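Trainee: I should like to learn how to read a protein model feature by feature. Could we work through an example together?

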Amino acid sequence: MYPARRCSSLLHRDLAAACLSSLGTHPRRTAPVKKRAHPLPARANSSPLLLGSLQVCQMGSSSSSSSRHFSTLAQTLSSAAVADSNVDTDDYEYEQADPDALLRECEEVLRNRPPRLHRDFMMSRACSLQSAPIRVMQWNILAQALGEGKDGFVRCPMDALNWSERKYLILEEILTYRPDVLCLQEVDHYFDTFQPVLASLGYQSTFCPKPCSPCLDVHNNNGPDGCALFFNRRRFQLLHTAHLRLSAMMLKTNQVAIVATLRCRFTGRVFCVAVTHLKARSGWEAFRSAQGAHLLQQLCELTTQSHLEMDDENRTRVGESEGGIPLVVCGDFNAEPNEEVYRRFVTSPLGLDSAYKCLSEDGNTEPPYTSWKIRPSGESRSTLDYIWYSERAFQVDAVLKIPSEEQIGPDRLPSYHYPSDHLSLVCDLSFSQQPHRLM
């Protein structure tokens, strides 16, 4: 076992400090730093910002020493930067980048790789003309340390997992669909890649590492993996955020969740979005069910408490005067639909439904797979990932189709043309009714 794996009290202290976020409270420096307001980015579907390159400037320092092009920014940095508990991501200002230019750069870097998976949206109903839908993306992106050092994808060449190109495959997928809310698992390059790059595209974010990440077992790792939540800061305002460590059978576990309460700046509508990653492996079904029960309990308490704390004007914008705040819950549950944890979510008093059931003919069946991999133990094709939503508050406008077996290829995932062993899930959600108004 590598020394870094020992979850001593010192490590727990450092990991708690590493739960840095551009959303909430951070460790403060002794000397105050004067901050400028972040410029508001253009929406993803608006005209390009026409910036020649992405720059990252630490405030108070000269741009000549800290400005970086996107290509340099996305390079793997020293893991020492991740362990620095004094880093405050709000002390950095990111010049807003042109998403189309970054997408072209990804395509240029990946020009020698096979064509990527082509996936269309299936429209489940006519989109509302009154307000733009909320695009939600759920994705376990595969931690770099696990992909190279532990997961054993026997049909995936190691060269296909090279971070210098795989990060561009991940960013290309995100840029292609440009979600308003992005929920990621197995993120072990948050500080050096995803936070700065996506901040330049107008996303605000938070990251919660696993208390005892298996990435720390891997030599030359980039720090612990965990969950990350990003949202379009021009469209949404953060009201509250919570980092949760899930419990099971009265024991604290190694799995975490993030819950953020957001208000739409244009409509005033309020909702909560959560991201989680439950315990993996066969034989842990009861453990996952207990984790799911704890998460549901926490979501119920958080949404109810946030609802009670609102003033009357904001409470009427939620959509249900006594039903709590609407929810979107994204995650890699590591559980097939026949597991108890899935049934817990289906029957929860929170009134949740799964967006990807819309792909089925009967509207009640999950897709046949969201993950397909080959390990030394054999081939595994499983439905593990979900986007849950409050059925009373949201309607599903569209979902991104699951690629066919032929598209995925005989070597399955990950591969030269897809960066993770899990497929991304993307759906468009609209509020199903106008908010109640005070009489």
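Mentor: We shall take the sheet, its helices, the core, the cysteines and the backbone in turn. Please keep in mind that this is a predicted model.

Trainee: What span should helix 7 have, and how far apart are its end C-alpha atoms?

Mentor: At 1.5 Å a residue, the 15 residues of helix 7 should span 21 Å. The end C-alpha atoms are 21 Å apart, so the two values agree. Helix 7 is also mostly covered, with 12 of its 15 residues buried. Among the buried residues are Trp163, Leu169, Ile170 and Leu171, but also Arg166, Lys167, Glu172 and Glu173. Helix 7 is followed by Arg178, whose phi is positive, near 45 degrees.

Trainee: How should I approach the nonpolar core, and which residues in the largest one touch the most other members?

Mentor: As a general idea, nonpolar side chains in soluble globular proteins tend to be buried together. Here the largest nonpolar core has 71 residues, and Val181 and Phe271 touch the most other members. Helix 7 (residues 163-177) gives the most to this core, with eight residues. Another core, of 25 residues, lies apart from it and includes Cys272, Leu295, Leu296 and Leu327. To return to Phe271, its contacts beyond four places in sequence include Ile134, Val181, Phe236, Phe394 and Phe431.

Trainee: Are the residues of strand 11 buried or exposed?

Mentor: In a regular strand, side chains alternate between the two faces of the sheet. Six of the six residues of strand 11 (residues 327-332) are buried, so the strand is largely enclosed by the rest of the structure. On one side are Leu327, Val329 and Gly331, and on the other are Val328, Cys330 and Asp332; both faces are covered.

Trainee: Which strands are joined to strand 11 by bridges?

Mentor: Strand 10 (residues 270-277) runs parallel to strand 11 and is joined to it by six bridges; Thr276 has Gly331 as its bridge partner there. Strand 15 (residues 385-390) runs antiparallel to strand 11, with five bridges between them. In that pairing, Cys330 stands opposite Ile387.

Trainee: How many disulfides are there?

Mentor: A disulfide is counted when two cysteine sulfur atoms lie within 2.5 Å. By this rule the count is zero. Cys183 is in no disulfide, since the nearest cysteine sulfur, that of Cys330, is 3.8 Å away. Cys183 is buried, with a relative accessible area of 0%, and Cys208 is buried as well, at 5%.

Trainee: Where does the backbone call for a second look?

Mentor: Most residues other than glycine have a negative phi, and most peptide bonds are trans. Leu142 is not a glycine, yet its phi is positive, about 75 degrees. Leu142 is found in the loop between strand 4 and helix 6 (144-149) and is buried, with a relative accessible area of 1%. Arg281 likewise has a positive phi, about 90 degrees, although it is not a glycine. Arg281 sits in the loop between strand 10 and helix 9 (285-309) and is exposed, with a relative accessible area of 51%. Finally, a cis peptide bond joins Leu413 and Pro414, with omega about -5 degrees. Pro414 lies in the loop between helix 12 (405-408) and strand 17.

Definitions and conventions:
Residues numbered from 1 in each chain as written. Predicted model: local features only at pLDDT ≥ 70, side-chain atom pairs only at ≥ 80, totals over all residues. Heavy atoms only, no water. Buried < 20%, exposed > 50% of the residue type's maximum accessible area, 1.4 Å probe, protein only. Core = buried A, V, L, I, M, F, W, Y, C linked by side-chain atoms within 4.5 Å. Helix = DSSP H or I, 4+ residues; strand = E, 2+ residues; numbered from the N terminus. Contact = heavy atoms within 4.5 Å. Expected span 1.5 Å × (residues − 1). Pairing = 2+ DSSP bridges.
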